[in-house]
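Q: I'm new to this one, could you walk me through it? Let's start with the pockets and go on from there.

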Amino acid sequence: HGPKFSALVPNVKGLERALEVGVDRIAIFTAASDAFTQKNINMTVAESLDAFSDVVAQFRIERPHGWVRGYVSTSFECPYAGHVRPLQVVGVAMKLLELGVDEISIGDTIGVASPKEVSGLTRELLQAVPADRLAYHFHDTRGTAIANVAEALSLGIQAFDSSAGGLGGCPYAPGAGGNLATEDLVYFLEREGHATTINLDQLSQASLPILRILSKTPTSKVQLATLSRCG
């Protein structure tokens, strides 16, 4: 069906700009930790949800058939406030549902989560949010992202964020690594029997120009293995 373009919208002004360029999918972003939202968008979690209420309402008027995603960052641990309780995440997710978002992306922003923690949080979330409206956003800082995907997948979650070459990070999350590499995710899913229709050889080449511009070398194990095999 081709790519679907989405714009990260921080406020009503951002929404106006997104609508001007014809975007029909938007994303709003908050967190499970006040300390993080203060650093990231200079608001508390409650203030961010209040601001996004206007954004979503206006978007629904302008794009009745549009699609909205809500991000919940620091869903396992905050770089400033430490451990985050699952019920904090569930509370924010429920408020996002009340705003009318179509999907909620649960973020391990600094890449600390283990499969056991993913299982615990997912089971709590599924009591309030349908599985088909949940996604996970794992960072691979400590090499646990694929293990966490496997755990969430076993519990019925079918949407996972990733980035080509494992690019990404956050300026307000000290020490955070890049996102789960799409190459690693595609390889894992295919080997587990989930067809992706993505050409892994072409995907492994796709991020090389960006990596060169950023003076970075590939870190995705699957990308490295594929490039080695392809010469």
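Q: What volume does the largest pocket have?
A: Bearing in mind that this is a predicted model, the largest pocket has a volume of about 910 Å³.

Q: And which residues lie nearest its centre?
A: The lining of the largest pocket counts 30 residues, and those nearest the centre are Ala27, Arg69, Tyr71, His137 and Asp161.

Q: Which element gives the largest share of that lining?
A: That is E3, which supplies 5 residues of the lining of the largest pocket, while E1, E2, helix H2 (34-41), E3 and E6 each supply at least two.

Q: How does the lining divide by class?
A: In the lining of the largest pocket there are 13 nonpolar residues, 12 polar ones and 5 charged ones.

Q: Okay, on to the sheet. In what order do the strands come?
A: The sheet is an open one of 5 strands, ordered E1-E2-E3-E6-E7, and the pairing is parallel.

Q: Which ones are the edge strands?
A: Strand E1 (7-8) and strand E7 (134-138) are the edge strands, since each of them pairs on one side only.

Q: Over how many bridges do E2 and E3 pair?
A: Strand E2 (residues 25-31) pairs with strand E3 (residues 67-73) over 7 bridges in the parallel sense, and isoleucine 28 has glycine 70 in E3 as its bridge partner.

Q: Which helix lies across those two?
A: Helix H3 (residues 45-62) lies across E2 and E3, and runs at about 170° to E2. Helix H5 (residues 115-125) also packs on the sheet, where it touches strand E6 (103-108) and E7, and its direction makes about 155° with that of E7.

Q: New topic: at what angle do H7 and H10 pack?
A: Helix H7 (residues 182-191) and helix H10 (residues 221-230) pack at about 85°, with their axes 6 Å apart, which means that H7 is roughly perpendicular to H10.

Q: Which residues make that contact?
A: H7 contributes Glu183, Asp184 and Tyr187, and H10 contributes Lys221, Val222 and Gln223; by class, the residues of this contact of H7 with H10 are 2 nonpolar, 1 polar and 3 charged.

How values were computed. Residues numbered from 1 in each chain as written. Predicted model: local features only at pLDDT ≥ 70, side-chain atom pairs only at ≥ 80, totals over all residues. Heavy atoms only, no water. Axes fitted to C-alpha atoms, helices over the stretch in contact; angles between N-to-C directions. Helix = DSSP H or I, 4+ residues; strand = E, 2+ residues; numbered from the N terminus. Parallel < 35°, antiparallel > 145°, perpendicular 65-115°, else oblique. Contact = heavy atoms within 4.5 Å. Nonpolar A, V, L, I, M, F, W, Y, C, P; charged D, E, K, R; others polar. Pairing = 2+ DSSP bridges. 1 Å grid on protein atoms, 1.4 Å probe; cavity = no way out; pocket = protein on both sides within 12 Å on 5 of 7 lines; lining within 4 Å. Points joined across faces, edges and corners; volume = space filled by probe spheres on them.
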